[in-house]
Amino acid sequence: MESSIDLSKVFVKDAVVLDHEPFLNKDAMFDFMVDRFVQAGIVTDKLEYLDALQYREGLGSTYMGNYIALPHGKCDAVTQPGIGFCRCVSPFQYESCGESGEVKYIFMLAIAGTQTGDEYMRVLAALAGLLAHDEFIDLVSKAKSYNEILEIIKEFKK
């Protein structure tokens with residue numbers, strides 16, 4: 001089932017940011033990344049999507065350990081599913097649902113309100129599968145461009 005998800009097709013070019021300065025906190029990062037989704041045209045209402053992210057944060061931690069955060073929000077302001085990625089030059093403190101840790105790699109999912117839970121869980125599972133590989137994180141940590149990240153994803157899905 002998972003193999004039918006091509007993550008390289010849902011990574012949003014305008015929401016892939018490499019070597020950003022560390023954020024002051026999670027809310028500043030949310031604000032920055034949501035602006036990227038709005039600019040890319042996959043989120044029509046910034047506040048509605050921010051509310052969806054905060055709602056999801058209240059359900060359980062999106063801090064994954066290993067410098068990774070996986071925030072996601074589902075709402076009608078998302079016109080098409082997308083994944084944004086931000087790599088910080090150094091870690092910042094990420095607080096999520098009572099957990100805290102240093103984060104350098106943010107994979108943010110925008111989930112359309114019309115998507116079924118099954119569809120978005122498959123995307124989440126496919127992404128989590130990649131993130132379980134230290135080699136994947138190592139390659140992403142050195143990637144120089146959006147296209148290079150897509151190539152890394154395609155390589156790992158083989």
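# A walk around the model

Select Val89 to begin: with a relative accessible area of 40%, Val89 is partly exposed. You'll find Val89 in strand S5, which covers residues 82-96. In sequence, Val89 and Met64 are 25 residues apart, and their C-alpha atoms are 18 Å apart in space. Keep in mind as you click around that this is a predicted model.

**Zoom out**

Show the whole chain as a cartoon. There are five helices and six strands to find in the protein. Starting at the N terminus, the order of the elements is β-α-α-β-β-β-β-β-α-α-α. The radius of gyration is 14 Å, close to the 15 Å that the globule rule gives for 158 residues, so the protein is as compact as a globular protein of that length. If you colour by burial, 47% of the 158 residues count as buried.

**Salt bridges**

Side chains of opposite charge can pair when their charged atoms come close. How many salt bridges does a search of the whole structure find? The search turns up six salt bridges, and here are some stops.

Go to Asp6 and Lys9, which form a salt bridge with their closest N and O atoms 3.1 Å apart. Asp6 is partly exposed because its relative accessible area is 31%, while Lys9, at 67%, is exposed.

Next, pick Glu57 and Lys26. Their side chains meet in a salt bridge, 2.9 Å from N to O. This pair ties together distant parts of the chain, as Glu57 sits in helix H2 and Lys26 in helix H1, 31 residues apart.

A salt bridge joins Asp138 to Lys142, with 3.0 Å between the closest N and O atoms. Asp138 has a relative accessible area of 37%, so Asp138 is partly exposed. Then select Asp31, Asp35 and Lys46 together: salt bridges that share partners join these three into one network.

**A negative patch**

What do Asp45, Glu48, Asp51 and Asp76 form? They make up a negative surface patch. For a closer look at one of its members, centre on Asp45, in the loop between helix H1 (26-40) and helix H2 (46-57). Asp45 counts as partly exposed, given its 34% relative accessibility.

Most residues other than glycine have a negative phi. With that in mind, click on Asp19, which isn't a glycine but has a positive phi of about 60 degrees. Asp19 belongs to strand S1, residues 11-20, and counts as partly exposed at 45% relative accessibility.

Last stop: Asn66. Where is the place of Asn66? Look in the loop between strand S2 (63-65) and strand S3 (68-69). Asn66 also has a positive phi, about 55 degrees, although Asn66 is not a glycine. Its relative accessible area is 43%, which makes Asn66 partly exposed.

Methods:
Residues are numbered from 1 along each chain as its sequence is written. This is a predicted model: local features need pLDDT of at least 70, side-chain atom pairs count only at pLDDT 80 or more; totals for chains, interfaces and linings use all residues. Side-chain values use heavy atoms; hydrogens and water are left out. Patches are made of residues with over 30% relative accessible area and no salt bridge: like charges are joined within 9 Å, nonpolar side chains (Val, Leu, Ile, Met, Phe, Trp, Tyr) within 5 Å. Accessible areas come from the Shrake-Rupley method with a 1.4 Å probe; for residues, only the protein chains shown count as cover. A salt bridge is a side-chain nitrogen of Lys or Arg within 4 Å of a carboxyl oxygen of Asp or Glu. Lys and Arg count as positive and Asp and Glu as negative; His and the chain ends are not counted. The place of a charge is taken as NZ of Lys, CZ of Arg, CG of Asp or CD of Glu. Helices (H or I, at least four residues) and strands (E, at least two) are DSSP runs, numbered from the N terminus. Buried means under 20% relative accessible area, exposed over 50%, partly exposed in between (1.4 Å probe, protein chains only). The radius of gyration is taken over C-alpha atoms; the globule rule is 2.2 Å times the number of residues to the power 0.38.
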